[in-house]
Amino acid sequence: MVTLRSTPYLLLPTETGNRYLPLVGSNCWTVGRGDDNNFVLSDRWISRNHAMLQCTETGDFYLIDLGSRNGSFVNGRRVSIPVTLRNGDQLMFGQTELEFHSPSDTRTRDYSQPASSETLTSTLHVRRLMSVMVVDIRDFTVLTRQLDEKILSAVIGTWFRQSGNIIRKSGSWVDKYIGDAVMAIWFHGHKGVSKDEAINVLQAVSDLHRMTASLSSQYPLPFPLRIGTGVNTGYAMVGNTGSGDRPDYTAIGDTVNAAFRLESATKQIGLDIALGEDTYSYLEQLGYNNLGFKQHIVSLKGYEKPTTTYAGTYADLNKFLATRCSENLT
């Protein structure tokens with residue numbers, strides 16, 4: 001039995017009364033006219049697969065338009081990139097209006113502003129070794145100026161949806177959507193990074209690149225869609241902001257911040273992927289010395305001293321993964 005007082009849900013007003021659509025049993029729900037959706041809405045202005053709601057491990061809810069013909073709107077504003085939902089937001093798909101409700105305080109609070117120092121102490125209490133990946137769409141602002149709004153919505157909606165699928169397949173999850181970027185985290189054991197964990201991260205980066213490149217052939221874009229990637233490995237504080245049998249994790253610290261800066265550094269050095277020094281060190285310890293990445297010294301925003309990174313192209317990464325695959329077969 002679902003208790004709506006504590007469970008996030010969508011409220012759909014109808015002629016016969018309010019209909020409650022609980023957001024439970026998954027971390028992803030689709031909305032559309034087709035029978036294959038979690039929530040089927042019989043509105044001819046709604047696309048067969050119209051939009052998706054996703055709950056991240058931090059408990060944040062995002063609305064992602066899936067390239068619908070007539071658009072998705074939050075509080076009257078059309079959605080083109082994932083939008084964070086807040087308790088009481090008004091959603092519109094086609095001519096159907098719904099309300100988003102998230103009664104739990106932990107799902108509506110601004111996580112950068114804890115309610116008190118006691119809350120911060122009680123929720124952020126575990127130091128874990130992790131790899132943080134940040135992937136950003138290049139020249140997104142230029143794209144928004146040159147691309148029709150409907151095509152833009154279709155491209156970006158598809159990119160975010162497929163990115164989430166790739167990241168989940170690799171054993172991680174989308175921890176945050178930040179404008180035109182996603183952040184994912186892989187936890188490691190106390191012994192360090194295992195071979196499988198390292199390959200999962202690298203394979204996810206490769207798959208994201210291939211998926212992004214494929215979108216350029218599916219849509220009439222003014223220029224090929226490209227991404228930049230930053231990966232950093234280290235310790236960070238991990239908080240459990242959930243309750244019951246579903247923990248909601250979030251991470252903070254220099255390891256996370258540096259991953260974002262490393263992604264930005266790829267533009268400085270004109271390459272696709274930038275690995276943190278510790279990330280590369282773990283790969284070397286695992287015997288992955290043939291990655292083909294070169295050492296670079298970069299200036300990261302907010303860091304006083306120059307930072308060492310190992311950077312390369314997606315072609316370098318794909319060559320390494322192909323070589324490793326052939327070695328395993330023999």
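# A chat about cavities, a helix and some loops

Q: Which residues line the second largest cavity?
A: The lining is made up of N27, Q54, C55, T56, E57, R168, W173 and V174. Keep in mind that this is a predicted model.

Q: And what volume does the second largest cavity have?
A: About 40 Å³.

Q: What does its lining look like by class?
A: The second largest cavity is lined by 3 nonpolar, 3 polar and 2 charged residues.

Q: How many cavities of 30 Å³ or more does a search of the whole structure find?
A: The search turns up 2 of them. The largest cavity has a volume of about 90 Å³.

Q: Which residues line the largest cavity?
A: Its lining consists of S131, V193, A198, V201, L202, V231, T233, L275, T279, Y282 and L283. By class, that gives 8 nonpolar and 3 polar residues, with no charged ones.

Q: Which elements each supply at least two residues of that lining?
A: There are helix 4 (195-218), strand 15 (227-240) and helix 6 (277-285).

Q: Let's stay with helix 4. Which of its residues are buried?
A: The buried ones are A198, I199, V201, L202, A204, V205, S206, L208, M211, T212 and L215.

Q: What span should helix 4 have, and how far apart are its end C-alpha atoms?
A: Helix 4 has 24 residues, so at 1.5 Å a residue it should span 34 Å. The end C-alpha atoms are 35 Å apart, which agrees with that.

Q: Can we zoom out for a moment? How many helices and strands are there in the protein?
A: The secondary structure comes to 7 helices and 19 strands.

Q: What percentage of the residues count as buried?
A: Of the 330 residues, 48% do.

Q: What about contacts between residues at least 6 apart in sequence: what share join residues at least 24 apart?
A: That share is 60%.

Q: New topic: H101. Where is it found?
A: H101 is in strand 11, which covers residues 96-101.

Q: Is H101 buried or exposed, and why?
A: H101 is buried, because its relative accessible area is 17%, and buried means under 20%.

Q: What does H101 touch?
A: Not counting residues up to four places away in sequence, H101 touches P8, Y9, L11, N87 and G88. There is also a polar contact of 2.9 Å between the side chains of H101 and E99.

Q: Now T313. Where is it found?
A: T313 is in the loop between strand 19 (307-312) and helix 7 (314-329). With a relative accessible area of 22%, T313 is partly exposed.

Q: How far apart are T313 and L271 in sequence and in space?
A: They are 42 residues apart in sequence and 5.7 Å apart in space, going from C-alpha to C-alpha. Leaving aside neighbours within four places in sequence, T313 is in contact with L271, D272, I273 and F293.

Q: One more topic: what is phi of N75 near?
A: Phi of N75 is near 50°, a positive value in a residue other than glycine. N75 sits in the loop between strand 7 (72-74) and strand 8 (77-78), and is partly exposed at a relative accessible area of 46%.

Q: And what about D139, what is its phi?
A: D139 has a positive phi too, about 55°, although it is not a glycine. You can find D139 in the loop between strand 12 (124-137) and helix 2 (140-146). At 42% relative accessibility, D139 counts as partly exposed.

Methods: Residues numbered from 1 in each chain as written. Predicted model: local features only at pLDDT ≥ 70, side-chain atom pairs only at ≥ 80, totals over all residues. Heavy atoms only, no water. Helix = DSSP H or I, 4+ residues; strand = E, 2+ residues; numbered from the N terminus. Buried < 20%, exposed > 50% of the residue type's maximum accessible area, 1.4 Å probe, protein only. Polar contact = N/O pair within 3.5 Å; in protein donor to acceptor, adjacent residues only side chain to side chain. Contact = heavy atoms within 4.5 Å. 1 Å grid on protein atoms, 1.4 Å probe; cavity = no way out; pocket = protein on both sides within 12 Å on 5 of 7 lines; lining within 4 Å. Points joined across faces, edges and corners; volume = space filled by probe spheres on them. Nonpolar A, V, L, I, M, F, W, Y, C, P; charged D, E, K, R; others polar. Expected span 1.5 Å × (residues − 1).
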